Amino acid sequence: MKPKKIASSTAREFELFDELMPVRRYKLLLQTFLKRRGSGARQAIAESLGHTRSFVTQITSPAYDLAIPAGQVHAILKLAELTAEEERIFLEAYVEAHPERATEIYAASHRALTIALPDLGDAAAQARLETLIRRLAESAIESFVDEARMRQPGRAA
């Protein structure tokens, strides 16, 4: 997608969209969330991650191109004390900006469960059994996630 150039009132041109917009979006979200924590938030994150405050400023400021390392995203979100909804919004924006990191990001926030199934000797029956178990698991997960959301502070029961 070729960016559209728009002339401003000062005759300067700026790009309406560029390839860094998705990165800027998640950084603006994180910056907003960190402001709630107060002035020491970036320093606390820097100390917890073993980085300098300058590094944390660069990975949280839309003015810098430096991406948040995928391996540190969840630690930063935990330190930022986001709600589940804020975390979901941030992770969607992060993965939009860095789709190649999606597996690493979501693997860190989800647990996997493996179930041993018997070989039924019938491919159609095996497929039906696997589909039934998958649907049952998805339904149970959805029910528990909804219940957990309702228990969050500030939400009506």
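Biologist: Where is S61 found?
Modeller: This is a predicted model. In it, helix 3 covers 53-60 and helix 4 covers 73-79. S61 is found in the loop between helix 3 and helix 4.

Biologist: Does S61 count as buried or exposed?
Modeller: Buried means under 20% relative accessible area. The relative accessibility of S61 is 12%, so S61 counts as buried.

Biologist: Which residues does S61 touch, not counting residues up to four places away in sequence?
Modeller: Sequence neighbours up to four places away are set aside here. The residues that S61 then touches are K27 and Q31.

Biologist: Which helix holds R42, and how accessible is R42?
Modeller: R42 is found in helix 2, residues 41-49. Exposed means over 50%, buried under 20%, and partly exposed in between. R42 has 29% relative accessibility, and therefore counts as partly exposed.

Biologist: With which side chain does the side chain of R42 make a polar contact?
Modeller: Not counting residues up to four places away in sequence, R42 touches R53, V56, T57 and T60. A polar contact needs N or O atoms within 3.5 Å. The side chain of R42 makes one at 3.1 Å, with the side chain of T57.

Biologist: How far apart in space are R42 and S54?
Modeller: In sequence, R42 and S54 are 12 residues apart. In space, C-alpha to C-alpha, they are 8.8 Å apart.

Biologist: How many residues has the largest nonpolar core, and which elements give two or more residues to it?
Modeller: The largest nonpolar core has 29 residues. Those with the most contacts inside it are Y26, L30, I68, V73, F90 and Y94. The elements giving two or more residues to this core are helix 1 (21-37), helix 2, helix 3, helix 4, helix 5 (84-97) and helix 6 (102-109).

Biologist: Which residues form one aromatic cluster with F90?
Modeller: Leaving aside neighbours within four places in sequence, F90 is in contact with Y26, L29, L30, F33, I68, V73 and L77. A search of the whole structure finds 3 aromatic pairs. The residues in one aromatic cluster with F90 are Y26 and Y94.

Biologist: Which element has the lowest mean pLDDT?
Modeller: The protein averages a pLDDT of 80, and 80% of the residues score at least 70. Over residues 1-14, pLDDT stays under 50. The model has 15 contacts beyond four places in sequence for that stretch. Helix 3 has the highest mean pLDDT, 90, while the lowest, 46, belongs to strand 1 (residues 5-7).

Key:
Residues numbered from 1 in each chain as written. Heavy atoms only, no water. Helix = DSSP H or I, 4+ residues; strand = E, 2+ residues; numbered from the N terminus. Buried < 20%, exposed > 50% of the residue type's maximum accessible area, 1.4 Å probe, protein only. Contact = heavy atoms within 4.5 Å. Polar contact = N/O pair within 3.5 Å; in protein donor to acceptor, adjacent residues only side chain to side chain. pLDDT = per-residue confidence, 0-100. Core = buried A, V, L, I, M, F, W, Y, C linked by side-chain atoms within 4.5 Å. Phe/Tyr/Trp six-rings, centres within 6.5 Å; stacked < 30°, edge-to-face > 60°.
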